[in-house]
Amino acid sequence: MRLLVLVGVFMASLVHAEDAAIREDVMSVKNAVLDLNRDLYELERQLLSPATTRAAFHITLNHGEYFEPLSVELSVDGQAEIQHLYTERQVKALRMGAVQPLGDLNLAPGKHDVTLIVRGVDHLGQGRELSITESVTKTSKPLITEFLIVDYEELQSARVELKYW
Amino acid sequence: MGIVSRWMAVMLVLFLSSFSVIASAGDERAAALKPGDMVPDFTMPATNGFGQRLAEARGSFLMLIWLGRCDECSERLVRYQLLAESMALEGMKGWFVWTPRGDDRPPKMRLPVLEYDQKWRQSWLFEDRPAVMLINADGRLDHLITGDLKDNYKETEQVVMRWISQGRDYQLSE
């Protein structure tokens, strides 16, 4: 009888050890999957937007006393690339200092004409359109830019400026 | 072509194709909306102020009125506007969606009049217009009333009253 109990306990401990080993295996497989997923994500990111072609565009609103944006369109070399419609909440966020990432584009190294058109209303409620066209040079490094909508006190108006980060 | 580069090419194709599948699935879902469905998000410019985004209306009841042909048809919409305004205290919003045709001009309303233009990729158009959609606070379509807005006003009013009171009861019981 005692022998049977001992064998039973031994078998149970064997099963327990096996369970622990399986759990460990499962954990290591899970970790491997997570690592693989991370590698895949990084690979996708590098494939879709490598540093040599990465161009990121942002927009900010400085005060916004003379201009409220309603929509924005960005084109590169005459090709419409990015568009966005603003809601009241988003304009409030911009007024409070938010930096809006307009989007990332892939640009080949070299010169490109970048045009930004912002439609909105001025402080009198009249429709206004601000635009800027700049020739930017893309090098092998990422191009990170910011369009600033700034008040132009002298003319009680606003204008767009381009800033490189 | 090496195994690694072939594998990378396959991954790239799969990744890019997923975008087109998602985009077309969104359009199809919008075209075939029925009560109980989640309403796909959109942002549209307004003819009378800021653009509106559906996701930002979450937490409120929304009466979304898709207009048929409308050239300054404000008079036809006044009753709907009053209905939405009278329910504002109950947390209901009302938006009109207008699609310009030819030289048509938008209605002049106090409520937002959204203008559909296919150039804005963030928007979609409901085909079965005119129609009234009652979208609950979770963004789900609770009621869909299609057909002439003038003929359907009474029905819309009754459904809205019932819908709002049921929603209020539900919130109180939670």
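User: Which residue stands opposite A:A55 in β4(A)?

Analyst: That's A:L105. Before we go on: this is a predicted model, where local features need pLDDT of at least 70, side-chain atom pairs count only at pLDDT 80 or more, and totals for chains, interfaces and linings use all residues. Residues are numbered from 1 along each chain as its sequence is written, while chains are lettered from A and ligands numbered from 1 in the order in which they are written.

User: How do you know that β1 and β4 of chain A pair?

Analyst: Two strands pair if DSSP finds at least two bridges between them. Here 6 bridges join β1 (residues 54–62) of chain A to β4(A), and they run antiparallel, so by that rule they count as a pair. Strands themselves are DSSP runs of E, at least two residues, and helices are runs of H or I, at least four, numbered from the N terminus.

User: What makes β4 and β8 of chain A edge strands?

Analyst: The open sheet has 4 strands in the order β4-β1-β7-β8 (chain A), with mixed pairing. β4 and β8 (157–164) each have a single partner strand, so one side of each is left without a neighbour in the sheet.

User: Why is A:A98 called partly exposed?

Analyst: Count the other C-beta atoms within 10 Å of a residue's own, placed from the backbone: 20 or more is buried, 12 or fewer is exposed, and in between is partly exposed. A:A98 has 13, so it lands in the partly exposed class. You'll find A:A98 in the loop between α2 and β4 (100–106) of chain A.

User: How do you know that the length of helix α2 of chain B agrees with what it should span?

Analyst: The expected span is 1.5 Å times one less than the number of residues. For the 13 residues of α2(B) (residues 74–86) that gives 18 Å, and the end C-alpha atoms are 18 Å apart, so the two agree.

User: Where is the kink in α2(B) centred?

Analyst: On B:Y80, with a kink of about 25 degrees. The bend at a residue is the angle between axes fitted to the seven residues ending there and the seven starting there. B:Y80 is also buried, as are B:L77 and B:A84. In general, an α-helix has 3.6 residues a turn, so residues three or four places apart point the same way.
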